[in-house]
Amino acid sequence: MEKNFNLLIANDNEEESKLICEKLTKDNDFYVIENTRSGKDAINFVKDKEYDIVILDLVLEGSDGFEVIETIKNAGHKTKIIVITSLCSETFINKAISMGV
């Protein structure tokens with residue numbers, strides 16, 4: 001039995017998001033439900049639906065990725081979160097790890 005994974009991609013880099021979508025949807029196991037550049041939209045999406053996987057940039061329009069992580073965790077979702085970001089500060093890395101990512 002096949003399992004299809006529902007994804008949310010929240011990334012402020014449109015080209016990067018498009019590439020991720022193309023690569024993941026070529027594999028029948030992945031279905032990108034939402035793709036947004038907005039942190040506020042990402043928060044609303046995760047409030048309304050539990051995704052299998054969220055691919056998340058920390059730098060987003062409106063709200064940052066940490067707020068999205070917090071919303072997912074507070075909702076009690078079992079969503080797996082993959083963080084992609086150009087921020088390479090140890091502080092940001094440690095914060096994401098401490099949030100359970």
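The report below starts with the sheet and then turns to some of its neighbours.

## About the model

This is a predicted model, in which local features need pLDDT of at least 70, side-chain atom pairs count only at pLDDT 80 or more, and totals for chains, interfaces and linings use all residues. Residues are numbered from 1 along each chain as its sequence is written, and side-chain values use heavy atoms, with hydrogens and water left out.

## The sheet

Let us begin with the strands. Helices (H or I, at least four residues) and strands (E, at least two) are DSSP runs, numbered from the N terminus. Two strands pair if DSSP finds at least two bridges between them. Four strands form an open sheet here, in the order β2-β1-β3-β4 and with parallel pairing. The edges are taken by β2 (30-36) and β4 (80-83); each has a single partner strand, so one side of each is left without a neighbour in the sheet. From one strand to the next, the twist averages 20° (axes are lines fitted to C-alpha atoms, for helices over the stretch in contact, and angles run from 0 to 180 degrees between N-to-C directions).

How are the strands joined? β1 and β2 run parallel and are joined by six bridges, with N6 standing opposite Y31 in β2. β1 also runs parallel to β3, with four bridges between them, and here I9 stands opposite I55 in β3. Strand β3 (residues 53-56) in turn pairs with β4 in the parallel sense over four bridges; V54 has I81 in β4 as its bridge partner.

## A helix across the strands

Helix α1 (residues 14-25) lies across β1 (5-10), β2 and β3. Its direction is at about 165° to β2.

I53 is found in strand β3 and, at 14% relative accessibility, counts as buried (buried means under 20% relative accessible area, exposed over 50%, partly exposed in between, with a 1.4 Å probe and protein chains only). Leaving aside neighbours within four places in sequence, I53 is in contact (heavy atoms within 4.5 Å) with residues including F5, L7, F30 and T79. I53 and K78 are 25 residues apart in sequence, and their C-alpha atoms are 9.0 Å apart in space.

T79 has its place in the loop between α3 and β4. Is T79 buried or exposed? T79 counts as buried, at 8% relative accessibility. A polar atom of the T79 side chain lies 2.7 Å from the backbone oxygen of Y51.

## Rings and charges

Rings of Phe, Tyr and Trp (its six-membered ring) pair if their centres lie within 6.5 Å; planes under 30 degrees apart count as stacked, over 60 as edge-to-face and the rest as tilted. By this rule there is one aromatic pair. The ring centres of F66 and F92 are 6.2 Å apart and the planes are at 15°, so the pair is stacked. The pair links distant parts of the chain, with F66 in helix α3 (residues 65-74) and F92 in helix α4 (residues 90-98), 26 residues apart. F66 counts as buried at 7% relative accessibility, while F92 is partly exposed, with a relative accessible area of 31%.

The charged end of K95 sits over the ring of F66, 4.4 Å from its centre (NZ of Lys or CZ of Arg within 6 Å of the ring centre and within 35 degrees of the ring normal).

Conventions:
A polar contact is a pair of N or O atoms within 3.5 Å; within protein, one must be able to donate a hydrogen and the other to accept it, and residues adjacent in sequence count only if both atoms are side-chain atoms.
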